[in-house]
Amino acid sequence: MLGEESEEWAVCPVCQDKCRLSQADWHVGTCLIKNCTSPTRKRKFEGCRPGSKEASLSTLWSGVLPQRNVSSSPPSSSPPSFISPPELRPPARLGIALCGERWRLPTTGLGSSSALGNAKRPAKTAAADVVVVNLSLPVKLKSILVPLLNRTKHNKVTSYPDGTDVNIVKQKENPADPRASLCAYSSSSASAKIPDNEEPRNVLGYLPRQVSAHLSPLMDEGLLFLTATLRYRRTDTAILPREGESTDGLFVALCATVSNAVLREEQRVLLASTWSAATKASDDARLGLQEVIRLRFWTAVGRVRSSAHSHLLDTAEVCVLETLRKCSLPAQRLAFRLLQRKTTWFRISSLQYSDVPHVESAVDELQKHGLVLSGDNREGNEKIEARLTALKSDELIMLSKLLGLDHRGTKAKLIALILSSTKTSNGEHRLFHNWLSIFNGRSGMIRLCTVSLRAVQIVNFLTFLRPSCGLQSLVLEDVGVVRYPPRGGSLDVASSIFTSRVDLDEYLDVIAEASVIDATLDAGDEKTALKILETRILPWVNGCAPPSKPLKHQSFLRRFEPDWVRAKMATICVSLLERNTRHADANVLLTRLLAGRVCPEKRGTWYLRLIINLNNLGLLKNAMQACDRALQDPWVRCGDRLGIQRRALRLARNVKSWGTLGARWRSDIVWEAPIDRVRARALNGTEREKKRYCTFSEVGAATVSVEELALTHYATEEAGSWRGVHSESRVWMTLFGLLFADVIMSPVPGVFYGPFQSAPLDFGTDSFVKARREEISNLLSRIRRGDGCKIVRDIWGRYYGTAIHGVSWIILSLDELCEVIAGLGGRPLAEIMGLIAEDTSGWTGGAPDLLLWRQSSVGPTVKAVEVKSKNDQLSDQQRAWLLALRDAGVNAAVCRVSF
């Protein structure tokens, strides 16, 4: 089976017999107890002499494990090992043995080729898919032609001749867009100052938003200086009418002058890539942002219908989409405008759009084809609450009076009162007629038909594979929000994630339920959230454990199963039950989850919560048994495994588990990181909120957070003159994303389904390592040899500004990242990057708050510091990070700030 590896065997240092390495602690502990003559001395493992019969497990293993014997064929008399739930494959492993292999079960190492599988993969062409930017920039960049939008009405196009110089003026205080840029005529060479409350006569218009979004940050940093000249051009008949423009076609020719200052390498890359993006955005600006959304949606529809997902659109939805495509251009534009609105009902009188000159005609056309429905008619399954939400306050008061209800209160209270008084079907029918009577029988409202809304939702989801993305996500790249990496021809159109429309509908429905739970919790209503979860989740949990229930997906695609979402909701349900002191009910739920096969990534969290609840209920032996099972589960990793080991040591003294008290990982669990102490007083020490501090030397100055205070301390000469950043995991994930960029973007089959992905679908899952084991092994070897800076500089030049999962292009400069890499060294960096590659989601959180670096007499040095104020404790995941850094050879410490 894919992912299974040969079991490792070790030689017991007491009886010299072979035993499974996964059960070695139990075996050696039993042997020690058998050889002890006094029951009292059985409890005294600590401090014994090596080689004696009473020697502790920690002492014995310290001499045996580094030279452990591994056998490929197990003896026939070996004890049975713990078996994971049926059909639950173990996660992929890279064989990085930090901290006595505390993070995973023993493995045969990275060189195993059996886990690569037999899938054929195309040749590696990641570098060929990326446009390499020429870093040699001219002083003046090639000019681009962009249209002027929202021109002032009192300025005629004939006021200024063709070729007139105009100035570009930033409007940072613009409430609609702080990156907005004005084009203004001025007789002088300097830009005219725009008054705050008055628009001067010499303002010609705005640069398009998608162009200004790219150029504005560079202008703010002084890297780019724009000049413009006025241009007139007749509207091209091959181009659709432009948003906000008249037929005279007023343009400005933008010319950029690069700053004469010495630019860093990343700044040159940023200038070249941004000007190229602005040039492309200027072409789309001639169409208008809404027109680009419409065109890209039809491109997305074509992509879905030509892929293996075409069967997920039913006949009615395909018919609706084809009908909409055949409508006139104004009707299509109105429909796409309405699709981007959050409300359900729309007043026709309030629909005013510049690209839809005759709204009434467009509405009539859409009604004729059944794409929008009139508010004068009511469907049987329609929710009446949406109609009430569309009413104004005075209309709601009028409706309340017609129904004989109290009309005092807020809008939300009036709606709730009206709904509670008309719960029956007859009541809703009466409410509809009263609602319509407010408008004298003609409401003047419309709404989109349900089929069209569902069709657009399906197309959007299959395009982005994220339920939260709407039509506006199609142009995020145009307005400078994100820049997706180029995929070329590596998109997968031959395989389908969902086998049927039933599976897709079930998944989307569960996602909607999860959104309701999140919204309820955000509102602070935990009681309602728990009630919903008990109604929806408990029946599912009772049926998810039977071994006869098959798994639809064994790979990363299981995240697209409804059960994967329900498992996350069940974890929330456990937390709410514990808050209500219903530990027994939480244990029943956790036991059922652990008996099943869904969402194995959560097994560590579930085991940890179960152990804590059993301990709270006084069931110590049951808690110890849960610890034993958890530590043999390969899916219990990172901080969860460390937390379970810490609790196992506490329980072992009470239940007399000698093997656990002398386990080979015991010395690591009791280890404490070095402590740096900073004396400071918390200004809000009595408040339950994030502490704010000031030092003795700066009393009365601006307050700082505890992390900022620690940075100030380490920057002093007495503390070592460190440079640093408060980053937590951002720097580590940035290093991982840069070093592994080519691996992440490699054309593995079935992981890239669309152009709007910043990472493959298997990123952050165990399938990521399985499909790229050879590439990851070679890359880690290069990092160990000291090629980290070379790799990062190469990736920085090819991918700068591109959305790569986890990468922050602004947290540190390229030179600072290279200093950090040099300070870490090749081997420690490779070990940490290997851990993140093996379990990205597990190591994303818990990293030390500060990353410090400096130049010392022995070369570059790096230090990771976790900052804690008074009474704050380290979490299990933070302890795991500190231990991993320690064993990798990185200087790690805890900074305690107290008075």
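How many aromatic pairs does the count come to? The count comes to 20 aromatic pairs, where rings of Phe, Tyr and Trp (its six-membered ring) pair if their centres lie within 6.5 Å, and planes under 30 degrees apart count as stacked, over 60 as edge-to-face and the rest as tilted.

Begin by selecting Phe 297 and Trp 298. Their ring centres lie 5.4 Å apart and their planes stand at 65 degrees, so this pair is edge-to-face. Both Phe 297 and Trp 298 are buried (under 20% relative accessible area with a 1.4 Å probe, protein chains only; exposed is over 50%, partly exposed in between).

This is a predicted model, in which local features need pLDDT of at least 70 and side-chain atom pairs count only at pLDDT 80 or more, while totals for chains, interfaces and linings use all residues. Residues are numbered from 1 along each chain as its sequence is written, and side-chain values use heavy atoms, leaving out hydrogens and water.

Keep Phe 297 selected and display its surroundings. Among the residues that Phe 297 touches, not counting those up to four places away in sequence, are Leu 321, Phe 336 and Val 456 (contact means heavy atoms within 4.5 Å).

Next, select Phe 461, Phe 498, Tyr 507 and Phe 560, which form one aromatic cluster.

Finally, select Trp 722 with Arg 854. Arg 854 lies over the face of Trp 722, at 4.1 Å from the ring centre; a charge sits over a ring if NZ of Lys or CZ of Arg is within 6 Å of the ring centre and within 35 degrees of the ring normal. Arg 886 likewise lies over the face of Trp 671, at 4.7 Å from the ring centre.
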